[in-house]
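Please keep the structure open while reading.

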Amino acid sequence: MKESFLSEQTVEINSLFEDVFDGKTPKRVPILTNIDNAFCLEYVGFDLKKEQYSIEKTLQAIEKTTCDFNGDTVLGITLRLPQLYSILKARNFKMGADGFLQHPEVRGMEVEDYDALIADPYKALWDTILPRIYEGLNEPSFLGSKTLAFAFFTFISSMGQLENGYTEIASKYGRSTYTMASAASAEPLDMLSDQLRSFSEISKDIRRYPDKVVAACEALLPICLKAGITPKSNRYNRTFVPLHMAPYMREKDFLKFYLPTFSAYIQGMADAGVGANLFVEQDWMRYLDYLNELPKGTLMVFEYGDAKTIKEKVGDRHVVSGLYPIGLLKSGSEEQCIDKAKELVDIFAPGGGYIFSFDKAILRLNDVNADNLKAVFNFVHEYGQYK
Amino acid sequence: MEVKSEYYTNLVNTLEKYDIPEEAVLFAGESLQTLEEMLFGFTIYLIS
Amino acid sequence: MLDLKVLTLALGDLEEDQVMDLLREFTATNPSEGDALEAVAACQGGMAIVGELFEQGEYFVGDLIFAGELLTEAIGVLKPALGGGASAVIGTILLGTVHGDLHDIGKNIFRSMSEAAGFEVVDIGIDVAIEEFVAKAQEIKPQIIGMSGVLTLAIDSMKETVDALKAAGVDAKIIIGGNPVTKDACAYVGADAFTTNAAEGVKISQDWI
Ligand code: B12
């Protein structure tokens with residue numbers, strides 16, 4: 001995005017992020033949140049079962065939320081498109097009774113598919129795996145093609161509409177045009193686990209078919225890299241990498257199945273000049289030394305762990321973030337919420353290399369008390385100034 | 001980045017596949033290869 | 001002769017091939033129902049080792065999942081030899097994922113570990129409506145009710161479910177589990193105990209009986 005299109009305030013907030021990723025101390029601690037568009041829809045009083053289907057309504061909700069909360073970016077990440085899952089007759093994302101999309105434990109890939117995946121992952125996806133997940137793709141004759149055409153068009157047009165909308169909102173309200181996820185892709189073992197083999201099945205596969213799992217990760221690595229490095233990716237337009245399976249594995253399994261292709265993926269992006277935003281989900285404290293060895297300047301948003309130890313072990317080389325418990329925003333008093341923010345800023349901010357963020361994605365309006373959320377944003381704006 | 005797959009066509013092969021004359025390479029790259037890349041992006045979304 | 005200690009240790013070490021070989025050799029000898037029940041108990045002993053190693057940080061959730069699979073497989077092999085005989089039940093747990101949440105991996109792990117510890121578990125699935133929890137609790141009168149959830153929205157659902165159970169006069173002990181569960185959340189929900197560790201959940205349940 002050319003700077004001349006952006007408002008002065010947007011340029012200034014962008015520079016906070018740029019400084020952090022350039023290894024310079026910014027003027028103030030920037031805030032980068034992971035808030036779902038469902039939160040925004042509910043915040044403005046829309047019903048997930050209705051307005052969620054409309055990109056226009058979604059953008060309206062995001063605009064109002066961005067305007068009301070003093071975050072540094074546009075608030076409300078729209079990841080899931082219900083209309084797309086309906087068209088595709090998806091099994092992997094289903095609505096609960098309240099309309100919120102969730103992932104039940106289903107899998108697109110069976111053990112006997114490993115060899116095909118290893119030989120040509122992109123082909124195996126379209127030949128067998130995606131049709132298992134998306135039943136609409138199996139419709140006979142023209143109908144299957146029609147489903148795919150509808151789905152592809154919905155995806156491209158919705159994403160385009162959203163991207164334009166976000167940039168407009170950012171400029172209008174003086175927010176950063178950077179986001180948690182300029183692009184996004186899991187690392188190889190997580191890509192294999194999330195939608196293909198599933199959490200439970202991969203836990204069995206690493207014992208029963210260890211060689212196939214390793215080979216599958218190696219085969220998926222180029223796919224991950226291609227997804228993680230897009231034409232607009234760079235050090236500031238970074239790639240979101242949610243991390244899933246590692247904390248659920250023994251260290252020796254982690255070293256064999258996870259780390260090799262995980263670090264190759266992050267390194268490959270760094271070699272192409274692309275920064276990674278890791279969402280370090282669950283407890284990674286026993287792996288901090290491995291995280292520290294990743295390419296310098298990787299953003300790590302932690303869900304659990306001790307702030308001091310994290311700052312000490314990875315804070316010199318990397319940008320640290322996260323840990324602020326959203327549970328407190330729900331049940332705590334405003335004072336408790338602010339004290340917690342102060343505690344984290346005091347530990348993480350000195351010397352730079354810190355972006356304020358939460359431990360978990362905020363998904364629904366009821367996940368937090370909105371007033372506490374506002375108070376914490378305001379506090380970080382004031383207290384997070386570097387002198 | 002490129003992936004090797006029977007189902008993924010890179011720019012050189014795209015030009016061959018659709019018989020694009022040399023003087024149109026630049027323009028066809030934009031209009032045809034972009035589709036290939038968009039479909040790849042869509043695929044990743046479907047497994048995310 | 002089946003060496004029960006070796007079987008227990010093999011299951012504790014998650015040595016699938018060894019466990020299966022031992023059991024197949026054993027069932028080939030046409031064991032009595034009593035002997036088969038002892039083999040089941042030995043497998044459950046292995047599961048207890050798995051739980052301990054999990055609590056000590058030697059095993060992780062992936063290992064628990066594999067252990068559950070292994071135990072199911074083992075009991076499948078023993079089944080023909082078991083006849084109608086069943087191991088003693090130490091108590092009943094009513095278990096489900098609360099409404100609004102569709103996740104079940106954690107719930108299933110807790111189920112297989114508490115079954116291995118001798119509980120009878122009545123699993124009523126995911127996205128369980130409040131009324132269903134209440135009706136089932138009144139029907140089977142469990143000593144313990146377990147609720148699971150992965151998303152933070154589950155906390156409100158747990159609270160609503162607990163409130164309704166209490167209002168209906170259900171006096172079972174209530175334990176909640178899953179990633180968003182904390183001490184504060186437990187107080188808010190009004191449950192008797194909470195944990196993000198299935199093995200600990202089994203211990204708490206055992207203490208209650
Ligand atoms: C793996 C994972 C995924 C996978 C799911 C794969 C699958 N097959 O289900 C995928 C990639 C699909 C995924 C998708 C999403 N995820 Co996700 N995911 C996770 C992750 C890393 C692990 C969840 C999990 O399955 N754990 C394994 C189970 C076994 O653990 P557990 O439930 O805690 O159970 C243990 C104990 O708690 C206990 N237990 C559980 N129940 C019970 C019950 C009783 C009675 C007892 C005694 C004990 C007990 O026993 C278990 C073993 O000890 C978590 C991070 C985390 N810290 O949990 C995020 C997390 C759950 N995901 C999150 C999000 C935001 C999402 C998405 C919404 C993202 C998006 N916008 O699309 C989607 C959709 C949500 C969904 N899952 O429906 C957030 C939820 C935030 C929130 N506010 O709640 C989390 C917490 C990450 C984060 N820090 O923000 N996710």
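Domain bounds here come from an automatic or database domain assignment.

## Basis of the model

This is a predicted model, in which local features need pLDDT of at least 70 and side-chain atom pairs count only at pLDDT 80 or more, while totals for chains, interfaces and linings use all residues. Residues are numbered from 1 along each chain as its sequence is written, chains are lettered from A and ligands numbered from 1 in the order in which they are written, and side-chain values use heavy atoms, with hydrogens and water left out.

## The two domains of chain C

Chain C is assigned domain 1 (4-82) and domain 2 (91-208). Between the C-alpha centres of domain 1 of chain C and domain 2 of chain C the distance is 26 Å. Ten residues from domain 1 of chain C and eleven residues from domain 2 of chain C make the contact, where contact means heavy atoms within 4.5 Å. Buried area is the accessible area (1.4 Å probe) that two parts lose on being put together, summed over both. For these two domains of chain C it is about 820 Å², with 70% from carbon and sulfur atoms. Of the area that domain 1 of chain C buries against domain 2 of chain C, 47% is supplied by C:M47, C:E55 and C:L64, more than by any other three residues.

C:E55 also takes part in a salt bridge, its side chain meeting that of C:K203 (2.8 Å, N to O). On the side of domain 1 of chain C that touches domain 2 of chain C, the residues divide into six nonpolar, three polar and one charged. Here Ala, Val, Leu, Ile, Met, Phe, Trp, Tyr, Cys and Pro count as nonpolar, Asp, Glu, Lys and Arg as charged, and the others, Gly among them, as polar.

## The ligand site

Which chains surround the ligand? Residues from chains A and C do, so the site is shared between chains. A residue is near the ligand if one of its heavy atoms lies within 4 Å of it. There are 45 residues around the ligand, and A:R80, A:H103, A:E105, C:H103 and C:S148 come nearest. The shell divides into 19 nonpolar, 16 polar and ten charged residues.

In A:A361 a backbone N or O atom lies 2.8 Å from a nitrogen atom of the ligand.

## The interface of chains A and B

Chain A and chain B bury about 2500 Å² between them, 75% of it on carbon and sulfur atoms. In chain A, the residues that lose the most area to chain B are A:Y122, A:F152 and A:K226, together 31% of what that side buries. In all, 32 residues of chain A are in contact with 21 residues of chain B.

Two salt bridges are found across the interface of chain A and chain B. One joins the side chains of A:K123 and B:E6 (3.8 Å, N to O).

Note on methods. Salt bridge = Lys/Arg side-chain N within 4 Å of Asp/Glu carboxyl O. Polar contact = N/O pair within 3.5 Å; in protein donor to acceptor, adjacent residues only side chain to side chain.
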